[in-house]
Amino acid sequence: MKLIKTVAELRAEIALWKKAGKSIGLVPTMGALHEGHASLIKAAHAENDCVVVSVFVNPTQFGPNEDLDAYPRTLEADCHLAEVMGANVVFAPSPKEMYPSTAMTWVEVTGDVTKVLCGRSRPIHFRGVTTVVSKLFNLAQPDRAYFGQKDAQQVEVLQRMVKDLFFNLELKIMPIVREADGLAKSSRNTYLQPEERAAALVLSRSLKKAQEAFAAGERNGQNLVDLVSRSIASEPMSVIDYVEIYALPELQPVTTPLKGRNLLAVAVKFGTTRLIDNVILEA
C-alpha cells in the first residue's frame, strides 16, 4: 500500500490504473478510522480493482468554535487499518495541497436538504463537505464512492450533488456500524468520558423504541418524534440539538400517515461531544 500526500502523485497513480483498465473505489474519510470505516474499505475492496482511502481533516466544513484543532489525527494507525482492509492508496494531503488558492472556489448544494437537521446549526458545514468531496471525485476518478448511513444528511446532499453535476460514479451507502451495546461508531466517541459514553446509549435505545412503535403500526411522525424526545430527555446528561423526521429522498416534510421511506434523525450533546444517529423507517 502507498501513502500519497500530493495531488500530483495521486494523479499519476490514478492514470496508471485507468490505463490498465482498473476499476476504482474511493472511501473519503477524516481519519481516526474505526470499524465503520473498515466496513467501507472492505466493501470497496470487494467491488473494485483498486481502492483509495482519503484521510483529510477538512477545515472548510468546521465552523467557528467547532473541534477542528481537537479532531483526532492518527495517520499511522489509519494506514495500518486501511492496508489490512484492502486499500491500495491512502491519500493524506495537507490543507494547502487541497486548497492551494486563497480565493476559494466552492461547490454548494442549496435548498432544504442542506438547511434542516445539522445544516440549521452548522450553516457552512455542507458547503465544505461538497467542495472537498467534489475535489476528491475529480482526483481519484472513482467508479464507486463509499459513505456510511450514520451521516444520513450528508448522504442526501451528496446524492443531489452527484446527480446535478453529472458525476460519472455510483454512491454506495453502507449500513451504520455499532458497538455491541448499540452506540454508533464515530471518531468523536473518543471524546466521551466513561459516564458520558454510558449516557450516550440512550440514542440507540430511543431510536429502537421508535422502530418498534413503527413496526407496531404507528404512522404519525410527530408521535414518533415525541417518543424519541421523551426517551432521550430521560437521560440527565443529554442535551438535545434536534429530534426530527423527514421523508426521503432529499429530506422533505413528512405526511401523515407516513408513507415510503422516512429518516428519523437525532443530534444530542453529552458534555462537549455532539453525537448523531438515525434510523430509516419504511412504510
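Reader: Where is the place of Pro257?

Author: This is a predicted model, in which local features need pLDDT of at least 70 and side-chain atom pairs count only at pLDDT 80 or more, while totals for chains, interfaces and linings use all residues. Residues are numbered from 1 along each chain as its sequence is written, and side-chain values use heavy atoms, with hydrogens and water left out. Helices (H or I, at least four residues) and strands (E, at least two) are DSSP runs, numbered from the N terminus. On these terms, Pro257 belongs to the loop between strand 7 and strand 8.

Reader: Is the peptide bond that joins Thr256 and Pro257 cis or trans, and what is its omega?

Author: The bond between Thr256 and Pro257 is cis. Pro249 is also placed in the loop between strand 7 (238-247) and strand 8 (261-270), and the peptide bond from Leu248 to Pro249 is cis, with omega near 0°. For Thr256 and Pro257, omega is about 0°.

Reader: How many helices and strands does the secondary structure of the chain come to?

Author: The C-alpha trace of the chain spans about 55 × 40 × 40 Å along its principal axes. The secondary structure comes to nine helices and nine strands.

Reader: What is the radius of gyration of the chain?

Author: The radius of gyration is taken over C-alpha atoms, and the globule rule is 2.2 Å times the number of residues to the power 0.38. For 283 residues that rule gives 19 Å, and the chain comes close to it, so it is as compact as a globular protein of that length. The radius of gyration of the chain is 19 Å.

Reader: Is Leu117 buried or exposed?

Author: Leu117 lies in the loop between helix 4 (95-98) and helix 5 (118-121), and its phi is near 50°, a positive value in a residue other than glycine. Buried means under 20% relative accessible area, exposed over 50%, and partly exposed in between (1.4 Å probe, protein chains only). With a relative accessible area of 2%, Leu117 is buried.

Reader: Is Asn65 buried or exposed?

Author: Asn65 is found in the loop between strand 3 and helix 3 (75-85). Its phi is near 65°, again a positive value in a residue other than glycine. With a relative accessible area of 83%, Asn65 is exposed.

Reader: Which residues have the most contacts inside the largest nonpolar core?

Author: A nonpolar core is a set of buried Ala, Val, Leu, Ile, Met, Phe, Trp, Tyr and Cys residues joined through side-chain atoms within 4.5 Å. The largest one has 44 residues, and those with the most contacts inside it are Phe91 and Phe137.

Reader: From which helix does the largest share of this core come?

Author: Helix 6 (residues 125-140) has 16 residues, and 13 of them are buried. The largest share of the core, eight residues, comes from helix 6.

Reader: Which strand pairs with strand 5 over five bridges?

Author: Two strands pair if DSSP finds at least two bridges between them. Strand 2 (residues 24-29) and strand 5 (residues 144-148) pair in the parallel sense over two bridges, with Leu26 opposite Ala145 in strand 5. The pairing over five bridges, likewise in the parallel sense, joins strand 5 to strand 6 (residues 170-174).

Reader: What is the bridge partner of Gly148 in strand 6?

Author: Strand 5, helix 7 (residues 152-164) and strand 6 make a right-handed β-α-β unit; a crossover is right-handed if, with the strands pointing away from the viewer, the path from the first strand over the helix to the second runs clockwise. Contact means heavy atoms within 4.5 Å, and leaving out residues up to four places away in sequence, one of the residues that Met174 touches is Gly148. In strand 6, the bridge partner of Gly148 is Met174.

Reader: How far apart in space are Cys50 and Gly25, C-alpha to C-alpha?

Author: Cys50 is found in strand 3 (residues 50-55) and is buried, with a relative accessible area of 6%. Not counting residues up to four places away in sequence, Cys50 touches Trp17, Lys22, Ser23, Ile24, Gly25 and Asn88. Cys50 and Gly25 are 25 residues apart in sequence, and their C-alpha atoms are separated by 6.2 Å.

Definitions and conventions
Expected span 1.5 Å × (residues − 1).
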